[in-house]
Structure formats: structure tokens, C-alpha cells
Amino acid sequence: MLYEYGAGAPVVIARMSDALNPMNQNHLEDGHPTDAGSRRNGIALALFASIAALMAVDVFSDSQTGAEPLHLSVELLVMVLAAAGVVFLWRGLQSAERKAAKLDQQLEAARLEAARFRNEAAEALRGLGEAIDAQFERWGLTPAEREVGLLMLKGLSHREVAEARSIGEATVRQQAQALYRKSGLRNRSDLSAFFLEDLLLPRDQS
């Protein structure tokens, strides 16, 4: 065939970043969550755990040496806060990992759906391309007129067709008029309507 008909399926995939833990804002690269946020949270978790452990050792040591109650109370408070931070970060990491796994599943499902749509659309467009090519042949169009007709069906203006084919705009207009004369159509709207009504739908259902 003189023409090639491609197909594309825009895929809208929600990032759902607001569903992730605010302390674990993972970014997406090529559809996969990065682990930069998890690494940062892991470092913070280790830091809080270290603080809690050091404070526990310090409280035990001070209690053995008879430190003042106020001093021990402050150290206990710091230890409790550090331990609470460990628990909070740990739960946040677990929640973020679950949500990232769910997002991965959704992304994979979207890829499979997009691939299925592309395959179906490509098959349908191949059939439509063959039908258009056969109709152009029945009209007795020259190769140049066929190419101009196809580009106009794709929505290009006469100037854009001329630029795409590296010819003058006047030549494109002459070829378009020849197409209309041979097909019995009046203009671009009739050309588009012919294929939408006579090829995409049976006449008795138009």
C-alpha cells in the first residue's frame, strides 16, 4: 500500500501522590516508584532508633549513679519521644510500601489495557486504511492525488500538505480539485463525510 496507518492509545494513569504518606513522597520514573523516599525514611528511622537506644543507656546509667529525678524525667521523655518517632516512621514505611505495591499493580494493569487497545485499534485502522486505499483506486486517483487525499483526511490544510510533500500550495489545490472531480464530491467536508458514513457505517444504518 501507498499509505501507512498507525494507531495510538493515550493512557491516563493517576499518580495518586496524595495517597502516599507525606513523609514518603516517592516520585515515578518510567511508571515505577523510586526508593529515594524510602531511603530517607530508613535513615530517619535508624536515627530515631539510635537516639532512643542511647537515651535508654543514659537513663539506666544515671539511675545507677543517683541522678536527680528531674534529669531522669527529661531523659525518659526524650527516650519516649524517640521511640514514638520510631513507631511512627515504621508504620509510615509499611503503609507507603503497601500503597506503592498497589500503584505498581494499577500501572501494570493500565499497561496491559493500553497494549490491548493498541492491538485492537491497529487491526481496525488497517482495515480502514485498506478500504480508503481501495476507494481511492476506484475513483482512479493518481498516486499524488491519493497522498493529498489521505493527508487532507488526516486534517492537514493545503499549506501543511504542500509543506509535507515539498510542493507548491497551488499544486496541492489542483490535485485536491482533481480528487473532488473524480470522486463527485464538493469539498473536504464531503470527503471526510464519505468515509465516516459510507465506510465506518453501513448505508442502511447511516
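This is a predicted model: local features need pLDDT of at least 70, side-chain atom pairs count only at pLDDT 80 or more; totals for chains, interfaces and linings use all residues.
1. Overall make-up. The protein has six helices and two strands, and from the N terminus on these elements follow the order β-β-α-α-α-α-α-α. Of the 206 residues in the protein, 29% are buried, and the protein exposes about 13400 Å², of which carbon and sulfur atoms supply 58%. Among the contacts with a separation of 6 or more, 64% are accounted for by residues 24 or more positions apart.

2. Helix α2 against helix α3. Helix α2 spans residues 69–139, and its axis comes within 11 Å of that of α3, the two crossing at roughly 135°. That angle makes α2 oblique to α3, since an angle counts as roughly perpendicular from 65 to 115 degrees and as roughly antiparallel over 145. The crossing in which α2 passes α3 is right-handed, and the contact is made by Ile-132, Asp-133, Phe-136 and Glu-137 on the α2 side and by Arg-146, Gly-149, Leu-150 and Leu-153 on the α3 side.

3. Val-80, elsewhere in α2. Val-80 also has its place in helix α2, where a relative accessible area of 49% makes this residue partly exposed; the cut-off for exposed is over 50%. Val-80 and Ala-52 are 28 residues apart in sequence, and their C-alpha atoms are 7.3 Å apart in space.

4. Just after α3, Gly-155 takes a positive phi of about 100°.

5. Helix α3 against helix α5. Helix α3 covers residues 143–153, and it packs against α5 at an angle of about 90°, with the axes 9 Å apart, which makes α3 roughly perpendicular to α5. From α3, the residues Ala-144, Glu-145, Val-148, Gly-149 and Met-152 meet Val-172, Gln-175, Ala-176, Ala-178, Leu-179, Tyr-180 and Lys-182 in α5.

6. In helix α4, which runs over residues 158–165, the buried residues are His-158, Val-161 and Ala-162. They cover an arc of only 100° around the axis, which puts them on the same side of α4. The face of α4 turned away from this buried side carries the exposed residues Arg-159, Glu-163 and Ala-164.

7. Helix α4 against helix α5. Helix α5 is formed by residues 169–183, and α4 packs with it at an angle of about 110°, their axes lying 8 Å apart; the two helices are therefore roughly perpendicular to each other. The contact is made by His-158, Arg-159, Val-161, Ala-162 and Arg-165 of α4 and by Glu-169, Val-172, Arg-173, Gln-175 and Ala-176 of α5. As for handedness, α4 passes α5 in a right-handed crossing.

8. His-158 in α4. His-158 is found in helix α4 and is buried, with a relative accessible area of 16%. Leaving aside neighbours within four places in sequence, His-158 is in contact with Met-152, Glu-169, Val-172, Arg-173, Ala-176 and Arg-188.

9. Ala-162 in α4. Ala-162 likewise has its place in helix α4 and, at 6% relative accessibility, counts as buried. Not counting residues up to four places away in sequence, Ala-162 touches Ile-167, Gly-168, Glu-169 and Val-172. The C-alpha atoms of Ala-162 and Val-148 are separated by 8.8 Å, the two residues being 14 residues apart along the chain.

10. Ser-166 in the loop. The place of Ser-166 is in the loop between α4 and α5, and at 67% relative accessibility this residue counts as exposed. Its phi is near 60°, a positive value in a residue other than glycine, and it comes just after α4.

Definitions and conventions
Residues are numbered from 1 along each chain as its sequence is written. Side-chain values use heavy atoms; hydrogens and water are left out. Helices (H or I, at least four residues) and strands (E, at least two) are DSSP runs, numbered from the N terminus. Buried means under 20% relative accessible area, exposed over 50%, partly exposed in between (1.4 Å probe, protein chains only). Contact means heavy atoms within 4.5 Å. Accessible areas come from the Shrake-Rupley method with a 1.4 Å probe; for residues, only the protein chains shown count as cover. The arc is that of the directions from the helix axis to the C-beta atoms. Axes are lines fitted to C-alpha atoms, for helices over the stretch in contact, and angles run from 0 to 180 degrees between N-to-C directions. Angles under 35 degrees count as roughly parallel, over 145 as roughly antiparallel, 65 to 115 as roughly perpendicular and the rest as oblique. A crossing is left-handed if the near helix is turned anticlockwise from the far one by less than a right angle, and right-handed if clockwise.
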